[in-house]
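I opened this notebook to record what I looked up, entry by entry.

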Amino acid sequence: MWNSFRTDDHLGISAEITTYQAGNGDETHAYVVRPHTDAPAPGIVLVHHMPGWDEFTQELAERLGRHGYLVICPDLYCRYGHGAPDDVAAKVRADGGVHDDSVVADAEAAAQWLRQDPRCNGKVGIIGPCSGGRHALLVASRVGGFDAVVDLWGGNVIMADDQLSPARPVAPIDYTADLDAPLLGIFGNDDQSPTPAQVDQHQAELERLGKTFEFHRYDGAGHGFFYYHTPMYRQEQAMDAWEKVFAFFEEHLKS
Amino acid sequence: MCTMIAMSAAVTGMGKGADGWFRVNQATVGYDHATHSGTEHALLLDFTNYELGVDARVALELDLASGRALMAQLQSAIEAAEASERVA
C-alpha cells in the first residue's frame, strides 16, 4: 500500500537507463529500477504508453520499484531514433505506430531478462497504461507465462475490422482464450476508448472463457486518470486504483 | 484514448526548429494525445525531416477550432496567392 512503509525500513532504489537484448536480438534501451531489498524481488515489465518512453513512465517505474519490484521498462521506440520523447513519439505516429509484433518480442525478452536476474524471485508481472495497457494484455496473451497482468485503461482491445492495420492486425480480445495470467483492469467510466460498453464486452468474453480477472471502474474519471501531469488526473480515483494495483501484484507476485 | 489518427504528406519548404532553419520534407497531421497543450487530445501538426533526425521537427498542438480556422486561412491565402500570380 502507498505510504505504508516503516520509517526504520531499509528502503531505496537504484534506477538507470541501460541496454538489454530485445526482440530480434537488437540491443535496445530499457529503464531499470532495482529495489534495495534483502530478498530477491518480483519482476515487472512496464510497457510505456503511446506518448513515448517519457518521464511519467520513468516515475511510474520508480514507484513500483519503491514498493519492492524489480522493474524493466523497454524503450519500444528505440529503433526509431533518439531525441526528446515527444519528438520520437511523433515519428512513430507518422509511421503508423509501433508494430504489435515488435512490442510482443521486446516485452517477452524483457520478461526473460528479469527471470535470468539473480535478484528476481522468478515471478514476473506486466503492466502498462493506455496503449501500454493494451500491449500488456496482448503480450500476456500471446507469450504466456506471466504471473499477473495489469491493463490500465487500454483502448482498442476490441477493434472493428476497419481499425485493424498492418501494425495492429489482430484485436487483443481475439487472444483471450490464450490468456493464462490473472488480469486486473482499471477503467474510467467517462473514457471513450475503452468505452464502458467495450469493457462490458471484454468482461463477458473473460467470463465466457473462465478467466481469472477483476475489473474496477471509476465514475468521474476518464482516460489516463493516473496522469498527474495533465488535467485528466483524478486524485481520489487514482489513489484507490493504485491500491488495487499494489494489492494485485502483492497477491500474485509476492506470495 | 489513443486514436491512432495520423496522416502524412510530402512537402517542400523550410522550417525553423530548436537549432535553426532546416529543410522540411514531410508534414504529418494527427489527432491524438497531447503532450503540452493541457488537453487529452489535440490536433498535432508536425513538419519534419527525419533524414536529419527525429528532432528535426516543428510541432504544433492545436484545438479543433484552431485547426479549422487555420485551414480556412491557409485556403484563402493559397487562393489569393494563385490569383496574384495570375495577375502578375
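**Backbone entries**

I looked up A:N3 and found it exposed, with a relative accessible area of 55% (buried means under 20% relative accessible area, exposed over 50%, partly exposed in between, with a 1.4 Å probe and protein chains only). A:N3 has a positive phi of about 60° although it is not a glycine, and it belongs to the segment before β1 (13–21) of chain A. Helices (H or I, at least four residues) and strands (E, at least two) are DSSP runs, numbered from the N terminus.

I noted that this is a predicted model, in which local features need pLDDT of at least 70, side-chain atom pairs count only at pLDDT 80 or more, and totals for chains, interfaces and linings use all residues. Residues are numbered from 1 along each chain as its sequence is written, chains are lettered from A and ligands numbered from 1 in the order in which they are written, and side-chain values use heavy atoms, with hydrogens and water left out.

I then turned to A:N24, a residue other than glycine whose phi is positive, near 65°. A:N24 sits in the loop between β1 and β2 (27–35) of chain A and counts as exposed at 73% relative accessibility.

I also checked the peptide bond from A:S193 to A:P194, which is cis with omega near 10°. A:P194 is in the loop between β7 (183–188) and α5 (196–208) of chain A.

**Sheet of chain B**

I traced an open sheet of 4 strands in chain B, ordered β1-β2-β3-β4 with antiparallel pairing (two strands pair if DSSP finds at least two bridges between them). β1 (5–17) and β4 (57–62) of chain B are at the edges with a single partner strand each, so one side of each has no neighbour in the sheet. β1(B) and β2 (residues 20–33) of chain B pair in the antiparallel sense over 11 bridges, and B:A6 stands opposite B:G30 in β2(B).

**Helix pair of chain A**

I recorded that helices α1 (residues 55–66) and α6 (residues 235–254) of chain A pack at an angle of about 55°, with axes 12 Å apart. Axes are lines fitted to C-alpha atoms, for helices over the stretch in contact, and angles run from 0 to 180 degrees between N-to-C directions. The contact (heavy atoms within 4.5 Å) involves A:L60, A:R63 and A:L64 of α1(A) and A:M239, A:W242, A:F246 and A:F249 of α6(A).
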